[in-house]
Amino acid sequence: MTNEELTGLLQALPLRQLHDLTRGRVHRHFRLGKRRLIEVILSLPPESRSLLEVDVLKPKRQSPHQPSLENSPQPFVAKPTQKKGRGKAKLSASLEPPITVSELLDGLGVPTAQPFHADPWQIEAISKLATNDVIASVPTGSGKTYVAIEATRRALEQDQTVIYTSPLKALSNTKYMEFSQLFGADRVGILTGDRKDNAQAPLLIMTTEILRNLLYDAASGQIDVRLNTLGLVILDESQYLADPERGVVWEETIIFCPSQARLLLLSASIGNPQDLSSWLTSIRAVPCHLIHHQNRSVPLRAGYLHPDGVMVPFFRTRDITKGRGFTFHPETKRLLAQYEGETLGHRNRR
Ligand SMILES: Nc1ncnc2c1ncn2[C@@H]1O[C@H](COP(=O)(O)OP(=O)(O)OP(=O)(O)O)[C@@H](O)[C@H]1O
Ligand SMILES: [Mg+2]
């Protein structure tokens, strides 16, 4: 496209749309008026300019202020990866036109309220806990807390003690508040390195280290009465099992966990859940039931923020729903190469 042709097209656009077009391509574009903005666009490097031309020629899309993710247009979502189909997903992604930053952000907002229906995997996890230990290895934002809450509710109804552990004091504090609201403050206690409140409550929130120490004491004969009625142990963020320093704490907690209690392991990022499930089955009194899927209820969008403040979509496609088969956005590749060139050059000069 010649400079004259592009200038004509750009002049016909409202200023707001020009800002949308230049977001992520022109630094501090929002400070520029229409004439200056068009001049800057015309002087863009050839690759950025040709991508921008594609966007200028694209038909105008739905308003970017759609409140609901469900209602927002999603023309660039990658095709689901088929069996042995990584190549296929890459191919389809490479044929898709690249997206702009405004498309990356399109549709963000608070979804409209809808009646709650538990997902099938959540129902399965709760029901399997009656007879099995359970590992729920599902993506972040899938609703693992719901499983923890419902399993806790059932255990408390049967007068069992429940222990919920997390690797962080801050997360334990948050869960303490959340569970106190749900089950009543008198039924919930907390034990961390910093806090000890209502330690005889039937539902105890603690860091995994505290539970491990409790189980150590029990193994050496100092039986804590709460362990006699222990019905459920929830290990949230259980990918810490693979942590080189702290993983041993999770391992020992699982090994020493009383056989009458059911274990519920929750995580979004266990690399080998099948191996973990087999190990649990081999050392525990009941088999372990594994629930594992990679479908994101909340699609992930990734952007690349260049050190000079320019943001570009990370991938050509907008939503990451499975986590595989995506190709880099060409502009991100270019900026990444530029950044690497600059920093490596800088290092070499030193
Ligand atoms: N079946 C469901 N339908 C719709 N929303 C749900 C459902 N289950 C849970 N949610 C909502 O999903 C959001 C995320 O849930 P939650 O915090 O439990 O995710 P998570 O799996 O624990 O994620 P993370 O790995 O980040 O800890 C919450 O707002 C929760 O209310
Ligand atoms: Mg969670």
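Q: How many cavities of 30 Å³ or more does a search of the whole structure find?
A: The search of this predicted model finds two. About 50 Å³ of space lies in the largest cavity.

Q: Which residues line the largest cavity?
A: The lining consists of Arg 23, Gly 24, Arg 25, Ile 99, Thr 100, Val 101, Met 311, Val 312, Pro 313, His 329 and Glu 331. Strand 10 (residues 311-313) gives the largest share, three residues. By class, five lining residues are nonpolar, three are polar and three are charged.

Q: Why is the largest cavity said to lie between domain 1 and domain 2?
A: Both domain 1 (1-60) and domain 2 (72-77 + 84-103 + 297-350) give residues to its lining, so the largest cavity lies between them.

Q: What makes the pairing of Lys 144 with ligand 1 a polar contact?
A: A polar contact is a pair of N or O atoms within 3.5 Å. A polar side-chain atom of Lys 144 is 2.8 Å from an oxygen atom of ligand 1, so the pair meets that cut-off. For Thr 145, a polar side-chain atom lies 2.7 Å from an oxygen atom of the ligand. At His 117, a polar backbone atom is 3.0 Å from a nitrogen atom of ligand 1.

Q: How much of the accessible area of ligand 1 does the protein cover?
A: The protein covers 56% of the 640 Å² that ligand 1 has on its own. The shell around ligand 1 has three nonpolar, seven polar and three charged residues.

How values were computed
Residues numbered from 1 in each chain as written. Chains lettered and ligands numbered in written order. Predicted model: local features only at pLDDT ≥ 70, side-chain atom pairs only at ≥ 80, totals over all residues. Heavy atoms only, no water. 1 Å grid on protein atoms, 1.4 Å probe; cavity = no way out; pocket = protein on both sides within 12 Å on 5 of 7 lines; lining within 4 Å. Points joined across faces, edges and corners; volume = space filled by probe spheres on them. Helix = DSSP H or I, 4+ residues; strand = E, 2+ residues; numbered from the N terminus. Nonpolar A, V, L, I, M, F, W, Y, C, P; charged D, E, K, R; others polar. Domains from an automatic or database assignment. Polar contact = N/O pair within 3.5 Å; in protein donor to acceptor, adjacent residues only side chain to side chain. Areas by Shrake-Rupley, 256 points an atom, 1.4 Å probe, with all protein chains shown as cover.
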